[in-house]
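Let's take a walk through this chain together, from one loop to the overall fold and then to some pairings inside. Keep the viewer open as you read.

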Amino acid sequence: MRRLLAAPGFARLWVSAFFGETAEWMLQVALPVYLFVRTGSAVTTALSIVLGLLPAVLLSPIAGVVADRWDRRVVLAVVCAGQALVVLPLLIGTELPVAAVYAVMAAQAGLASVFEPARSALVPELVGVEDVTSANGLMSVNGSVARLAGGWAGGALLGWGGLERVIVGYLVALAAAGMLLAFPFRRATVRKTVPEQTDWLAGVRDLAGKRLRPTSVSALLTSLAQGMFLVLFVVFVLDILRGSEADAGLLRGVQAIGGLAAGFAVATLARRVAPVLLQGWGLVAAGLMSVAIWNLPGATTVLGVYVGLFMAVGAPAVVAGAGLLSHVQAETGPDRAGRVLSTVYALMAAGTAAGSLLAGALLAVTGPTVLLNVQAGLHVSAGLVVLGWGNGRFRRSRARKVVTVEKCRLSSPPATST
């Protein structure tokens, strides 16, 4: 872990990611709560989430090619500048039409669809494929702290000073992230540009292949559950627990505390466990813990109890996420990483949108408790898909074999180049 943070390029990306994710969590918490409080409609909240995800699906082919074709650091810096520009309309003092908030969420999602695959594909370049799981664990650590800070700040600033205060805080954090990306990185591996990089379908083919197919199915089920959560969580806090906007921000944020511990564990112990096992067992644990949380209000609605439970459930969620990302990175060469990762994010965005629409449409029919239990069940199913499909093939020895193969691939130049 210390060796990774001693690498100047990765350390700078790591700190930049903290500020960028803090900014992102401020909006992710504040905007859905703002819309729910203003309209009182779960359907409106679900629609806002879908509109914020749709560009990620539509722009996936472009995002993957951009991440593989151009300098990924430059791509990240340009996206930060674009994200700052598109939120400026929300600084207008008068109450904006709901459609304007939708437009900002859609623009942010479009830019994020380029940002996420470029950043994830950049990590193996800076640390080498053999250390990618440890690096993802460290990225999860600062992502967890950012979630805690951004989630709390988004809810607190919204309740204290309105949406304008949230946007000011967002811009400050985003500016810090952009400045850290202003200068070139020192890379551990050299990425070769080849003609194949114009083929955006490479990511689709890789995900549909035998090695990544179970991970793809699991990611889809997980994203369906996440989409349902984004709608139902607001209802759970404000209607079932009778909490406030600040309480919603607090509960979303404290998941980062459990995630923080899990991220350190992944960074330290990553070489001992195959990434696919981290993903599978992390999802099963998160699903079972969610069942307990969603059914507890019949016994108590004391906020402090849920603060502790949301802290705990953040740990397996981070383990599962690090496992998913590390497995995809290890199975994918650096020249195709952007396209494969952009396809993963597009698949998850589509699943999240579908889950949000499903929750918004069925909420009035079934009530929130039934849907929350379905959401938890999807997490368990996603974990079992990975663990069952693997059927013993994803052992530690196989994980090491993948790393060895990738190291050889990185050290050998391609047959052709542009």
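Where does Arg242 lie? Arg242 sits in the loop between helix H10 (213–240) and helix H11 (245–269); helices here are DSSP runs of H or I with at least four residues, strands are runs of E with at least two, and both are numbered from the N terminus. The phi of Arg242 is near 60°, a positive value in a residue other than glycine. As background, most residues other than glycine have a negative phi. Arg242 counts as exposed because its relative accessibility is 68%; exposed means over 50% relative accessible area, buried under 20%, and partly exposed in between, with a 1.4 Å probe and protein chains only.

Before going further, please note that this is a predicted model, in which local features need pLDDT of at least 70, side-chain atom pairs count only at pLDDT 80 or more, and totals for chains, interfaces and linings use all residues. Residues are numbered from 1 along each chain as its sequence is written, and side-chain values use heavy atoms, leaving out hydrogens and water.

How confident is the predictor? The mean pLDDT of the chain is 78, and 84% of its residues reach 70 or more; pLDDT is the predictor's confidence in each residue, from 0 to 100. Among the elements, helix H12 (residues 275–294) has the highest mean, 92, while helix H16 (residues 396–411) has the lowest, 39. Over residues 390–418 the pLDDT is below 50. Where pLDDT is low, the predicted coordinates should not be read in detail.

Now step back to the whole chain. It has 16 helices and 0 strands, and 55% of its 418 residues count as buried. Of the contacts (heavy atoms within 4.5 Å) with a separation of 6 or more, 89% are between residues 24 or more positions apart.

H5 has 15 residues and reaches 21 Å from its first C-alpha to its last, close to the 21 Å expected at 1.5 Å a residue; the expected span is 1.5 Å times one less than the number of residues. Its buried residues include Arg72, Val79 and Gln83. The buried residues of H5 pack against helix H2 (8–39), helix H4 (60–69), H6, helix H8 (163–179) and helix H14 (337–366). Gln108 is in helix H6 and counts as buried because its relative accessibility is 10%.

What about charges? Side chains of opposite charge can pair when their charged atoms come close. A search of the whole structure finds 2 salt bridges, each defined as a side-chain nitrogen of Lys or Arg within 4 Å of a carboxyl oxygen of Asp or Glu. In one, Glu21 pairs with Arg119, the closest N and O atoms being 3.1 Å apart. This pair links distant parts of the chain, with Glu21 in helix H2 and Arg119 in helix H6, 98 residues apart. Both Glu21 and Arg119 are buried. Glu125 and Arg72 also meet in a salt bridge, at 2.5 Å from N to O. Glu125 lies in helix H6 and Arg72 in helix H5, so this pair ties together parts that are 53 residues apart in sequence. Glu125 counts as buried at 2% relative accessibility, and Arg72 counts as buried at 0%.
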